[in-house]
Amino acid sequence: MSDDATGLPSTAVDIAWNVRNGVVKAAEVVEQHLAAIAEREADVHAFNLVLADEARARAAEIDDLVAVGRDPGLLAGVPVALKDNMCTRGIPTTCSSKILDGWKPPYDATVVTRLADAGAVAVGKTNLDEFAMGSSTENSAFGATRNPHDLDRVPGGSSGGSAAAVAARFASVSFGSDTGGSIRQPAALCGVVGVKPTYGAVSRLGLIAFGSSLDQIGPFAHTVADAALALEAISGHDPGDSTSIEQGPLDLTRGLDFGVAGLRVGRITDLPEGASPDVQERLDVAFDALAAAGAEIVDVEVPAFSYGLTAYYLIAPAEASSNLARFDGVRFGLRVDAPDTNSMYMATRTEGFGAEVKRRIMLGTYALSAGYYDAYYGRAQKVRRLIANDFAAAYAKADVLLTPASPTVAFEIGDKASDPLAMY
């Protein structure tokens, strides 16, 4: 597949093949994407930082490897964008928060290293809801990201910058993190493919933590094939991450042409109401298409599903309150001077964190506090186990489950910003 305007390949699979085989140069592909960024980034604001010089230098290195007969890797010359909560050595990593102002990590996240080893070219660090806490990418210290398809609407969140970067063709593939929908929801709202992998399939070393028992890194792409290739490149065991599954890289692209004949696709009959009529209509169309392609549609129940949101908004903030305690003005980024240490902690965190992050830290701290731990956090973990049991029972009847990724299409910027419960 090629872009009509340039004649250059436009999918990651095609870019990598053409660059590896010397048909096109990585430098050409990078310039194509940097031109797209220059044209529309001011309107979309997908990036916190565009790495134009670094991308050009990296593309030249890849072209040099090809010229001497060496294979640059699975993603040779593919422009990629990185959510700005993944550490990049010597390059600012902000989590879209004032509290990390001026901080440059001394190391790369494992995912960043693996992408470099695969020949990918990083073109920028993408905007996000501060510390990945949000569903619209409006909770950023650097301003909101806009949906490339309609600039009056949100791209989803928290990985809205990564989703928008792919939707606007600023990058062929991008990477985000998903704690409670932060890849899947913006992918849906921006009309691209997004994957949250199995927990532990991708290393989290160098991902700045939000909810450690939930966080996972995954790709955004234009096609399923591109997403599969990208996920192969970043997957596999990492001894530096204690939650990493001890298995080799995933083998996904081999199964792309298997079809769905005989596949048992589960339809959850007790899914909580709330999806808009147009979303429900598209879901029905998807079921019909799968059935026409030979899949078997089976009805399943997940009774505890309706408690998922409640459990999530106790577990994730509790883990966030613990993880974010390290940002105190001593070791990273911003420090606001004050007469004594405790006053400095308070002043730094008051100035450095935005309203949504403060809200979740307070929720989490309350849920973990003496006298409330068992009633809130402990009980939420028990509910989490019940939900997992119900899904296991559903998967005994179905191979996959099909649901909407979001109850609505992309909503207008500001529509839910003043009502945290509506946003949740």
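Tyr372 is found in the loop between α11 (355-368) and α12 (374-395). Helices (H or I, at least four residues) and strands (E, at least two) are DSSP runs, numbered from the N terminus. This is a predicted model, where local features need pLDDT of at least 70, side-chain atom pairs count only at pLDDT 80 or more, and totals for chains, interfaces and linings use all residues. Residues are numbered from 1 along each chain as its sequence is written, and side-chain values use heavy atoms, without hydrogens and water.

Asp288 lies in helix α8 (residues 277-292).

Buried means under 20% relative accessible area, exposed over 50%, partly exposed in between.

| Residue | Relative accessible area | Class |
|---|---|---|
| Asp288 | 54% | exposed |
| Tyr372 | 34% | partly exposed |

Helix α7 (residues 224-234) is largely enclosed by the rest of the structure, because nine of its eleven residues are buried. Among them are Asp226, Leu229, Glu232 and Ile234. The buried residues of α7 pack (heavy atoms within 4.5 Å) against α1 (12-20), α4 (110-117), β4 (173-178), β5 (193-194) and β6 (216-221). Just after α7, Gly236 takes a positive phi of about 110 degrees.

Definitions and conventions: Buried < 20%, exposed > 50% of the residue type's maximum accessible area, 1.4 Å probe, protein only.
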